[in-house]
Each structure stands twice: as C-alpha cells, then as structure tokens.
Amino acid sequence: MCKFCVQGTKRNIFGPKSIERIKNELISGRKNGACGLVITGGEPTVNKNIFDIIKLAKKLGYEDIQIQTNGRMFKYSDFCSDIKKAGATEISPALHGSNPEIHDYLTSVPGSFKETAEGIINAKKYGFRIITNSVVTKPNMQNLPALASLLCALGVSQFQFAFVHIQGRAAENAKWLIAKKTAAAPFIMKAIDIGVKKGIPVFTEAIPYCILKGYETHIAERIIPDTQIFDAESEIRDFTEFRRGYGKIKGPKCKKCVYYKQCEGPWKEYPELFGWEEFIPRKSY
Ligand code: SF4
C-alpha cells in the first residue's frame, strides 16, 4: 500500500462492493445528471467485475469513463484492449517520482515504477486520454521538476500534483512524510513551468492561492466539476460543498485575503500539524 494512502484500512473493513450496489450507484448518478464517471479504489483494475462495471456504465449513458489506477495492469495489451472495448475513455495513473528509487519507495512495491511507466506508454497506444496524478510529499518534492520532464516525454495529456491529504496511511506516517507547502511550492512551480512550455495542462490540488503566487490558474479547485461520491461507507452528494464545509478550512487571517471567496484553504489536518504561519493573506490578485 502507498505510504500516503488516504483510504488506510478501509479495504479490510468494508471489502469490495457488490455489483448490485455499484449498479444502484451508477443509476443514482445518472438520475442526478452525471455524464462523466471516475472509477477509483483501492485499485479498480484488480476488481474481478471491472469490465462488467464499465460496460454497465456505458449502457446507462456515461460518456467519459475514467479509471483512476496505479496503471500497472495497462502494461498488458490484452487488458488495455478489453477495457477499451468495455467503454473506458480515460485513465488516471499515479506516478510519484521520476525514478524507481522514489516511486517504488512511496508505493512500497518494488518494480512498480517500471510497470506504471510501461502502462502509460501502452495505454497511449490504445488511444486512452491520460491524466496523471502525483501526490506531493517530503520524499518526492525536490524530484517534481524531473517528474514533470518524464511525464512530458511519456506524452501524457495532462498532469496534476495533489498535496498529500493527511488521512489514513498518510496520517500514520505524518512525521516524516508531510512537506511544508511553502517548501514544496518552488519545486511545484518549476514542474508547472516544464509542462506549460510543452503545452501540457498542469494542475495542483490543496495548495491555496497565497502559496502559489503567479500560478493561480493552475489551481484545480477552480475547475473541479460538480461531483457526487459513492465511498465505501457513505455517499457525498456534493463534493464541493463537502470540501468547503467540512474537509478544508481557512485560518484566522484569511478573511483579509482577496481570494477569501474562491479559496478553499488547506485540508483541515494540515494546520493541525504546521499551524497558519505560511498562509499570508493576499492583498491583490
Ligand atoms: S484565503 Fe487564506 S488560505 Fe486562502 S489564499 Fe488567502 S490566506 Fe491563503
């Protein structure tokens, strides 16, 4: 399991969902107007019903079907072909370093860097749109510019740097895993520059406007669509409302910031660890 996994031990507690339950969730999503679907986990490619789930989603009218994955199964051509035929349109593989030393360390799986990179190359051949996600932590933050160069070379359509959310396994490893946002920001900015130069869209997540001066247009929260989440144990009807009202928080000085309305602030666990010193209200746009 990845050393920053927010899902923690949920898989052991809840186990896999039944196909009937997933069917009801897919129907509910369509009734609420969804035409895009993200299938996530755990690792969805190890679910024995994955092809049936995608086929069902397609039949119900979902147009964009994204698989959030470690990308390793996509190194197999048969798998790529079958999942494409089932109806998946996009994959979001996770690459957390530009080399096996960093990536395999963070995933705790020797050989996973090679498999994920091969998966990305193979998935491209099968015509999938590829949007990668990389979790920003202390062990990989200095490597992010090199990672950005690798992602450009792999020909991904878009990449995102999500600041680690201190829950599950990440909370257990918080002492050595969590970077300060201001320490990670210069490397993230360099990585963004590399993507922009190549004409590739780059986004960041959970890094507020006061930390990303000059890079505000790369803040993903500005463009995250309305999202309904069916989690292992519960349903979140409106993920934006959930993030703003419960998951994230703003600090004592934030009301003075020109970005106060747009900004969601950091995930609430972050200031519990590092306080509010880094978050200096912006006086101008
Ligand atoms: S509202 Fe607070 S957290 Fe958000 S950008 Fe302004 S100072 Fe930073």
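This is a predicted model: local features need pLDDT of at least 70, side-chain atom pairs count only at pLDDT 80 or more; totals for chains, interfaces and linings use all residues.

Biologist: Which residues have the most contacts inside the largest nonpolar core?

Modeller: One looks for buried nonpolar residues joined through their side chains. Here the largest nonpolar core has 71 residues, and Ile54, Phe159 and Phe163 have the most contacts inside it. Leaving aside neighbours within four places in sequence, Phe163 is in contact with residues including Val136, Ile178, Ala184, Ile207 and Tyr270. Lys180, Lys181 and Glu205 are also among the contacts of Phe163.

Biologist: How many cavities of 30 Å³ or more are there?

Modeller: A cavity is a space where a probe fits but cannot get out. The count comes to two cavities of 30 Å³ or more.

Biologist: What lines the largest cavity?

Modeller: Its lining has 18 residues, with Pro208, Cys210, Cys254, Cys257 and Cys263 nearest the centre. By class, this lining comprises 14 nonpolar, two polar and two charged residues.

Biologist: How does the lining of the second largest cavity divide by class?

Modeller: That lining has six nonpolar, two polar and three charged residues. Among them are Ala206, Ile219, Glu221, Lys248 and Gln262.

Biologist: Where does the ligand sit?

Modeller: The ligand sits in the largest cavity. Pro208, Tyr209, Cys210, Lys250, Cys254, Cys257, Cys263, Phe279 and Pro281 surround the ligand. By class, this shell has eight nonpolar residues, no polar residues and one charged residue.

Methods:
Residues are numbered from 1 along each chain as its sequence is written. Side-chain values use heavy atoms; hydrogens and water are left out. A nonpolar core is a set of buried Ala, Val, Leu, Ile, Met, Phe, Trp, Tyr and Cys residues joined through side-chain atoms within 4.5 Å. Buried means under 20% relative accessible area, exposed over 50%, partly exposed in between (1.4 Å probe, protein chains only). Contact means heavy atoms within 4.5 Å. On a 1 Å grid over the protein atoms alone, a cavity is a set of points where a 1.4 Å probe fits but cannot get out, and a pocket is an open set with protein on both sides within 12 Å along at least five of seven lines; lining residues have an atom within 4 Å of a point. Grid points are joined across faces, edges and corners, and a volume is the space filled by probe spheres set on the points. Ala, Val, Leu, Ile, Met, Phe, Trp, Tyr, Cys and Pro count as nonpolar, Asp, Glu, Lys and Arg as charged, and the others, Gly among them, as polar. A residue is near a molecule or strand if one of its heavy atoms lies within 4 Å of it. A molecule sits in a cavity or pocket if more than half of its atoms lie within 2 Å of its grid points.
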